Amino acid sequence: MNLKHLGIAAALAPVLLALGVAVSATASGALDPVASTGCLPATGTDPATALALKELSPVQLAHAKTVYQVSAGLKLPPRAAVVALATALQESRLRNLANTNVPNSLLLPHDGVGTDHDSVGLFQQRPLPPDGQGGWGTVKELMIPQTAATKFYRKLTTIKDWQQLPVTVAAQQVQVSAFPDAYAKHEPLATAITLAIGGDNLACTISSGPISAMGWTKPVNGRFASGFHTPDRPTHNGVDVAAPKGTAIYAAAAGKVTVAKCGSANCDIDGSLNMPGCGWYVDITHPDHTLTRYCHMLRRPYVTVGQQVVAGQQIGVVGTSGHSTGPHLHYQTHIGGPSNNLAVDPIMFMAARGVDLTK
């Protein structure tokens, strides 16, 4: 979490300290946002998320740390903690709740009392019925945050491709909630908590795995070749990553395919500087209303318009169709949604999502 604005950084200093994240000050006495958070990517630090993080109580922060530490103890990637924290924020607001319908739970340590059927604990898990069939465990087990979190992660990791799924989909497959879309709104805060708790241990390794904590991944394995809006190419609205023909191209994050077509006169031959257009290309619109574009594919994309894809799913292969002089992926990132589509630097865009495109 790269706290770019000193006002936000200063506001979060007590939170970071409560979570065990070291902070330091500049010579002027102001909090140093770089020293305080190492190389965490700039995510989850919009004012609303920063305020929500600051307003978590010591009890909520303690539970958040427990949920994260259980994930780390199970050697799960940070994405798991994001899913679990988003779930706990929705289900209990990170409180260990007893339930008036489960009298035994009232006798155990708890932070408050709920009335949702017979659900208890951080994740509002339902205990085993008298016949011992179904349910998450005993009331006593579910009222211990460490045990409840462990049970959540055990179920999460049985879901196929759980790391690549949007948070709301992964959480719903674990919880089977009556409100399946409710988890999505908690992802920014869950991500900010995960990055804050992880501190430097998480900061510099967050993009080492295939999927970052925010659910993004590199679209291709290759050599960074050309940047965004460079002096010699001021209208170059993306970055180029050189790779051999046939190298797999992956969806950078979960989303919906909105374009999959030939954007040049002839996409089935090698392109040139005289041929305009993207060649074979794909656009994917993501749940946060951002868009990614993948150009110059070798052949027709492997996906079709309207198809839902997950992070890391292969969508095509590297080629040199369209306005191109050699095999590479031209990768664009856009913000603002369909009504105000703005191309932005993919290096910065992906860094904010825990992925280093230059490596």
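Which residues have the most contacts inside the largest nonpolar core? In this predicted model, that core comprises 72 residues, and those with the most contacts inside it are Tyr153, Leu156, Ile193 and Tyr294. Helix H5, spanning residues 78-92, gives the most to this core, with nine residues. A further core lies apart from it and consists of six residues, among them Ala98, Val102, Val139 and Met143. In soluble globular proteins, nonpolar side chains tend to be buried together. For Ile193, when neighbours within four places in sequence are left aside, the contacts are with Leu53, Leu56, Ala64, Leu85, Leu89 and Leu94.

From its first C-alpha to its last, H5 reaches 21 Å, close to the 21 Å expected at 1.5 Å a residue. Arg93 follows H5 and has a positive phi, near 55°. Helix H4, residues 58-73, has 16 residues and reaches 22 Å between its first and last C-alpha, close to the 22 Å expected at 1.5 Å a residue. Its buried residues are Gln60, Leu61, His63, Ala64, Thr66, Val67, Tyr68, Val70 and Ser71. One of these buried residues, Ala64, is in contact with Ile193. After H4 comes Lys75, whose phi is likewise positive, near 60°.

Aromatic pairing was examined next. Such a pair is described by the distance of the ring centres and the angle of the planes. The count comes to four aromatic pairs. In one of them, the rings of Phe152 and Tyr153 have centres 6.0 Å apart and planes at 80°, so this pair is edge-to-face. Both partners are enclosed: Phe152 is buried, with a relative accessible area of 0%, and Tyr153 is buried, with a relative accessible area of 1%. Together with Phe123, Phe152 and Tyr153 form one aromatic cluster. Tyr153 is also one of the residues with the most contacts inside the largest nonpolar core.

Trp216 is buried, with a relative accessible area of 5%, and Phe349 counts as buried at 5% relative accessibility. The charged end of Arg353 sits over the ring of Trp216, 5.5 Å from its centre, and over the ring of Phe349, 3.7 Å from its centre.

E4 pairs in the antiparallel sense with strand E3 (residues 223-226) over three bridges, and Asp240 in E4 is the bridge partner of Ser226. E4 also pairs in the antiparallel sense with strand E11 (residues 328-335), here over four bridges. In that pairing, Leu329 of E11 is the bridge partner of Val241.

Strand E7, residues 280-285, is largely enclosed by the rest of the structure, because five of its six residues are buried. Strand E6 (residues 255-262) is joined to E7 by six bridges, and the two run antiparallel; within this pairing, Val257 stands opposite Ile284 in E7. E7 pairs in the antiparallel sense with strand E8 (residues 291-297) as well, over five bridges, and Trp280 stands opposite Met297 in E8. E7 and E8 form a hairpin with five residues between them. In the turn of this hairpin, His289 has a positive phi of about 70°.

Technical notes. Residues numbered from 1 in each chain as written. Heavy atoms only, no water. Pairing = 2+ DSSP bridges. Phe/Tyr/Trp six-rings, centres within 6.5 Å; stacked < 30°, edge-to-face > 60°. Buried < 20%, exposed > 50% of the residue type's maximum accessible area, 1.4 Å probe, protein only. Lys NZ or Arg CZ within 6 Å of the ring centre and 35° of its normal. Core = buried A, V, L, I, M, F, W, Y, C linked by side-chain atoms within 4.5 Å. Contact = heavy atoms within 4.5 Å. Expected span 1.5 Å × (residues − 1).
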